[in-house]
Amino acid sequence: MIRLFELRTEKGLSQREISKIFNISQGTYNNWENGKTQPSIEQLIQLAEYFGTSVDYLIGKSNDYYDTAPTLEHDIKRNALLRVYDGLSPEDKENLYWLISKLDNKNRSV
C-alpha cells in the first residue's frame, strides 16, 4: 500500500500495534504495507477512517490528504448546526460568527 508506512509511522505505531487495532495478523499488515497483498475494500475504508484520510489518498490516487466528499454523518451534523443557528438571536449569531472567525484564523496560522 503506497502510504500505509507513512501514515502508520506518523502515528508512532508499530506494525504489531496496527495489526491488533484491525484484528489482523502482523504478517497480513506487513504484506499490505509492502504491496505484496491488498486489503479488501471494507478494510481500505476502515484504514482511511482510522487515519483520517481518503481511500484515494491512501492508495496514492490523490494527493489530497482529506476526503472532501461529505458523508452522511457530516450532513447530519451540518444540518443540526444550521437548525441551532437558525434559532439564535441576532446578537448570538453575531457572537458565534466572531468565535468562528477566531477559530478559523487560529487554524490558518498553525
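Contact here means heavy atoms within 4.5 Å. The model is predicted, with local features needing pLDDT of at least 70 and side-chain atom pairs counting only at pLDDT 80 or more, while totals for chains, interfaces and linings use all residues. Residues are numbered from 1 along each chain as its sequence is written, and side-chain values use heavy atoms, with hydrogens and water left out.

**View 1. Surroundings of serine 19.** Serine 19 belongs to helix 2 (residues 15–21); helices are DSSP runs (H or I, at least four residues) numbered from the N terminus. Leaving aside residues up to four places away in sequence, serine 19 touches Ile24, Ser25, Gln26 and Tyr29. Serine 19 counts as buried because its relative accessibility is 4% (buried is under 20% relative accessible area, exposed over 50%, partly exposed in between, with a 1.4 Å probe and protein chains only).

**View 2. The aromatic pair of phenylalanine 22 and tyrosine 50.** The two rings are edge-to-face, 5.4 Å centre to centre with 80 degrees between the planes (rings of Phe, Tyr and Trp, its six-membered ring, pair if their centres lie within 6.5 Å; planes under 30 degrees apart are stacked, over 60 edge-to-face, the rest tilted). Phenylalanine 22 lies in the loop between helix 2 and helix 3 (26–33) and tyrosine 50 in helix 4 (residues 41–51), so the pair ties together parts 28 residues apart in sequence. Phenylalanine 22 is buried at 14%, whereas tyrosine 50 is partly exposed at 29%.

**View 3. Charges over tyrosine rings.** The charged end of lysine 11 sits over the ring of tyrosine 50, 4.9 Å from its centre (NZ of Lys or CZ of Arg within 6 Å of the ring centre and within 35 degrees of the ring normal). The charged end of arginine 3 sits over the ring of tyrosine 57, 3.9 Å from its centre.

Notes:
Helix = DSSP H or I, 4+ residues; strand = E, 2+ residues; numbered from the N terminus.
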